[in-house]
Amino acid sequence: MSPGHNALRRKGLTLIEVLIVVVIMAILAAVVIPQFASSTEDAKASTLRFNLQTLRSQIELYRIHHLGQYPVIQNNDLPQLTNATNAQGEIGTPGPNYPYGPYIQQALPANPYDGRNRVVAVPTPGQVPTAPADNQGGWQYDATTGMIWPNNPEFFQR
């Protein structure tokens with residue numbers, strides 16, 4: 001070979017080589033992207049379980065401090081969990097007259113599936129719900145048992 005021949009040597013990729021690289025990247029993307037989608041659902045489910053456990057344990061602690069009574073829904077909220085209360089469940093300024101709570105700081109945690117923290121009553125008190133109470137999201141609460149559940153269809157489809 002002559003020295004001039006080396007100077008004319010190509011330094012790029014052929015169309016076939018580029019297509020092979022693109023196909024490999026497409027295959028990798030098809031395998032990896034679904035993994036991210038399922039991890040998002042796993043994170044929501046994990047957050048939901050954590051929030052439910054937190055709410056249920058704080059509702060039970062409230063009951064112990066308040067002569068066996070559970071908090072009540074007021075304006076789609078459970079304000080007795082986020083404020084200081086006395087033994088009768090009346091809300092007031094923290095101090096000797098209102099020694100209990102707050103059981104949850106600031107606001108109830110949001111339902112991770114819809115981002116809402118509103119609370120509605122279960123359709124049938126004393127029974128475990130089998131569907132959302134309404135289509136507004138958040139939580140559904142049974143003031144007769146102190147149990148709380150998500151108020152979204154994704155929870156009941158599992």
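## A partly exposed aspartate and its partner

Asp 134 counts as partly exposed because its relative accessibility is 24%; buried means under 20% relative accessible area, exposed over 50%, and partly exposed in between, using a 1.4 Å probe and protein chains only. This is a predicted model, in which local features need pLDDT of at least 70 and side-chain atom pairs count only at pLDDT 80 or more, while totals for chains, interfaces and linings use all residues. Residues are numbered from 1 along each chain as its sequence is written, and side-chain values use heavy atoms, with hydrogens and water left out.

What does the side chain of Asp 134 meet in a salt bridge? The partner is Arg 118, at 3.3 Å from N to O. A salt bridge here is a side-chain nitrogen of Lys or Arg within 4 Å of a carboxyl oxygen of Asp or Glu. The two residues are 16 apart and link distant parts of the chain: Arg 118 sits in the loop between strand 2 and strand 3, and Asp 134 in the loop between strand 3 and strand 4. Helices (H or I, at least four residues) and strands (E, at least two) are DSSP runs, numbered from the N terminus. Arg 118 is buried, because its relative accessible area is 17%.

## A second salt bridge, within a helix

The count of salt bridges comes to 2. Side chains of opposite charge can pair when their charged atoms come close. The other example joins Arg 63 to Glu 60, whose closest N and O atoms are 2.4 Å apart. Both residues lie in helix 2, 3 residues apart, which is about one turn of the helix. Arg 63 is partly exposed at 25% relative accessibility, and Glu 60 is partly exposed at 31%.

## Two rings meeting

There is 1 aromatic pair. The rings of Tyr 62 and Tyr 103 have centres 5.6 Å apart and planes at 75°, so the pair is edge-to-face. For the rule, rings of Phe, Tyr and Trp (its six-membered ring) pair if their centres lie within 6.5 Å; planes under 30 degrees apart count as stacked, over 60 as edge-to-face and the rest as tilted. Tyr 62 belongs to helix 2 (residues 15-65) and Tyr 103 to the loop between strand 2 (91-92) and strand 3 (119-121), so this pair, 41 residues apart, links distant parts of the chain. Both Tyr 62 and Tyr 103 are buried.

## Inside the fold

Now for the nonpolar core, a set of buried Ala, Val, Leu, Ile, Met, Phe, Trp, Tyr and Cys residues joined through side-chain atoms within 4.5 Å. The largest one has 17 residues, and those touching the most other members include Ile 59, Trp 139 and Tyr 141. Helix 2 and strand 4 each supply at least two residues of this core, with the largest share, 6 residues, coming from helix 2.

Trp 139 is in strand 4 (residues 139-142) and is buried, at 0% relative accessibility. Leaving aside neighbours within four places in sequence, Tyr 141 is in contact (heavy atoms within 4.5 Å) with residues including Ile 59, Leu 78 and Ile 148. Asn 111, in the loop between strand 2 and strand 3, is buried too, with a relative accessible area of 0%. Among the residues that Asn 111 touches are Leu 48, Trp 139 and Pro 150.

## How confident is the model?

The pLDDT, the predictor's confidence in each residue from 0 to 100, averages 90 over the protein chain, and 92% of the residues score at least 70. Where is confidence lowest, and where highest? It is lowest in helix 1 (residues 3-7), at a mean of 54, and highest in helix 3 (residues 79-82), at 98.
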